[in-house]
Amino acid sequence: MTKSKEETPSEEAEGPDGGVWAWVMVGALFVSSGFVFGLMRSLGVFFVEFVQYFEESAQAISWITSIAVAAQQFFSPMGAALCNAYDARIVVMTGGCLAGLGFILASQATCLAHLYLTMGVITGLGWGLVFTPMVVSVMGYFTRRSALALGLGFSSIGLSSFIFNPLFQLLVEKYAWRGALLIMGGLSLNIVPCGALIRRQKQSKAPAKVDSDGRSCSARLQRIYRYLELSVFVERPFLTFCAAITLFNAGYFVPYVHLVALSRHVGFSEYQAAFIMSVTGATDILGRVVSGWSAARGCMRMVHILILWTSLTGVFIILLPLSSMSGSYPVLLTVSLLYGFCGGALTSVVFPVVPQIVGVERMMGASGLVQLIESIGGLLGAPLSGFLKDVTGNYLASFVVAGSFLLLGCLILTTLPRFFQCRDPPPSSETFLG
Amino acid sequence: MECTWTGNQNKLPNITGYWKKDGNEIDSRLTVPLENEQYNLKGVFDIVGEESLGNYSCVFGSEAKIEFVLAAPQMGEVRDKPIVSYAGDSVVIACKMEEPKPKPSTWHWYKANGTDKALIDAAAEPHRYQIHSEGGKSTLTVRNLTQADAGFYYCGAVYLISTSLGRLEVRVITFLEPLKPFIAIVVEVLVLVAVILLYERKSKKKSITGSQKTKKEKRENSGGEESSSVRQRKV
């Protein structure tokens, strides 16, 4: 915060862009993202244990993860709205407690339904209260360098799966799945100190505009409307952005789901396929950081950067089955590396575009809503790709369709107003609208 | 079993051949003629039971030996790490004889008792043991675990000629074991939160006294520019 003191008045109008506490917040985002998405990706360790103990089918067990992911995305707007109404710090700390509580209760489960409720709903709800508020809180400390901050903050997502997978394997071997879940619950509580680091920056939306004699139904609805930031839904730029991001989500995860199967399908061994995934994960981390750093240089507009990385990701997704058909392992490996890099790169710049579309003040609510809507893409994309594979017999159609979703999303983004301008509109005028 | 040997440089017209089982000669020595550049030695053995299994070898003169191992199908990969469960909870242990090995006629489960094996009778104690066997797979469910249930268990795939065994270890722990690291983590979290909140309270106090000082200075300065340092410190 001492930095903003030294800035000239014109830079001050731009907003804060760093400072000691800002980087502390990036560290908090690093830790909390790791505990949300890293854990989400490591739930597979329990799969075999649950199938054997509860004597249920694989599909029934895999619903646990699906419910948790869906809950995280579904409750994101609620988390954002609560931050608008109250304090982001309380919301994130509560979310951390809920996430931990979900796992702790799950350790006592005696039937599958218990796991759906605890590991699925409660933990997912906790994650929903954590992720969007943390991301938006961090973005509040940065203007031009928000992409770098997010890139660094999200780099833990890839790293934590490297760490958590073997760690949880060890915990399950030592303490069985009940003990492992208990300890995971404890680890999830580490999100709470991350939330404690959030400091109040701006006025909350509570007093500002409307009547505070809000006992009446309409006043309450009005407040909910404001907290959830539903006003963004009537604006075409936001709807355009949502449509594009939903398409991105429909295609983005397909390689994560099918790449190993594609490699095996073409004839590579289990180890070769697993190696491809590991290396893709490594370049994903690198892509996040490099993209964030280069976006912060400010040479290109954030929207243009997003389109650049996303279209490259789409192209490489389409190239994946084609390169596998060549039969050459180095070729497939190279394309996977490039896919990983570009896929990670685009994640750093998605959120920074939101305040440019809806304005800094509405960024919290809008981000929550984006999370909710993009989940539709994720929910539809994976089954569609599976269906295409079943119908055609190979993965070519699935990957080509996935890549084209990304390219189509890029085309949609070009319809944003003032897209072809070379400079970002000045932040004080905030939106793409006026 | 049949052995075929192409011989060495001296293609002797006849050579002695005999069978051995586990290192001991069985039957009498035979004279094996050279036919079509090969020596053929055939042995027919009746498999009556477990005693018929072992290492068979056919020997040609003092030059060539071929070994056969006659045994029941071996159990596939059985989990070598101990299976952990909690006192009062139940545990499911499984053995598998995977394709294309022949399926056993039945499965038996044993609990190790010192060096002995005690057969587990699920019918006698249905509330404690449950055995579910289906072709090449068998699972044993042990309920209401106590420390006494810990130890080695053997699953036996029963064939006509013998039984193939697999060994599994079960460990029973109480909830106190994972509770210890859990409490350590919770304490760490509470300490971190306390440190963070205390630090913030301290720095707020500093900024309040600091802003009070600058307010005093402002009042002391007649006129002068408005210092924006107060506003900025709040950020």
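Visitor: Which residues of chain B does the UniProt annotation "domain: Ig-like" cover?
Guide: In the UniProt record, an unreviewed entry, that annotation covers residues 1-58 and 73-174 of chain B. UniProt positions are given in the numbering used here, feature names are shortened, and annotations may be inferred rather than shown by experiment.

Visitor: And what is the helix and strand content over residues 1-58 of chain B?
Guide: That stretch is 0% helix and 59% strand, with its end C-alpha atoms 9 Å apart. Helices (H or I, at least four residues) and strands (E, at least two) are DSSP runs, numbered from the N terminus.

Visitor: Before I go on, what should I know about the model and its numbering?
Guide: This is a predicted model, where local features need pLDDT of at least 70 and side-chain atom pairs count only at pLDDT 80 or more, while totals for chains, interfaces and linings use all residues. Residues are numbered from 1 along each chain as its sequence is written, chains are lettered from A and ligands numbered from 1 in the order in which they are written, and side-chain values use heavy atoms, leaving out hydrogens and water.

Visitor: How many disulfides are there over all chains?
Guide: Two, counting pairs of cysteine sulfur atoms within 2.5 Å. One of them joins Cys3(B) and Cys58(B), with the sulfur atoms 1.8 Å apart.

Visitor: Which parts does the Cys3(B) and Cys58(B) pair tie together?
Guide: Cys3(B) sits in strand β1 (residues 2-5) of chain B and Cys58(B) in strand β5 (residues 54-60) of chain B, so the pair links parts that are 55 residues apart in sequence. The S-S torsion is about -110 degrees, so this disulfide is left-handed.

Visitor: Switching topic: how many residues of chain A and chain B are in contact?
Guide: 31 residues of chain A contact 30 residues of chain B, with contact meaning heavy atoms within 4.5 Å. The buried area is about 2700 Å², and carbon and sulfur atoms give 62% of that. Buried area here is the accessible area (1.4 Å probe) that two parts lose on being put together, summed over both.

Visitor: How many salt bridges cross that interface?
Guide: The rule finds four between chain A and chain B, each needing a side-chain nitrogen of Lys or Arg within 4 Å of a carboxyl oxygen of Asp or Glu. Among them, Arg89(A) pairs with Glu200(B) at 2.2 Å, N to O.

Visitor: Which element gives the largest share of chain A's side?
Guide: That is α9(A), with 11 residues.
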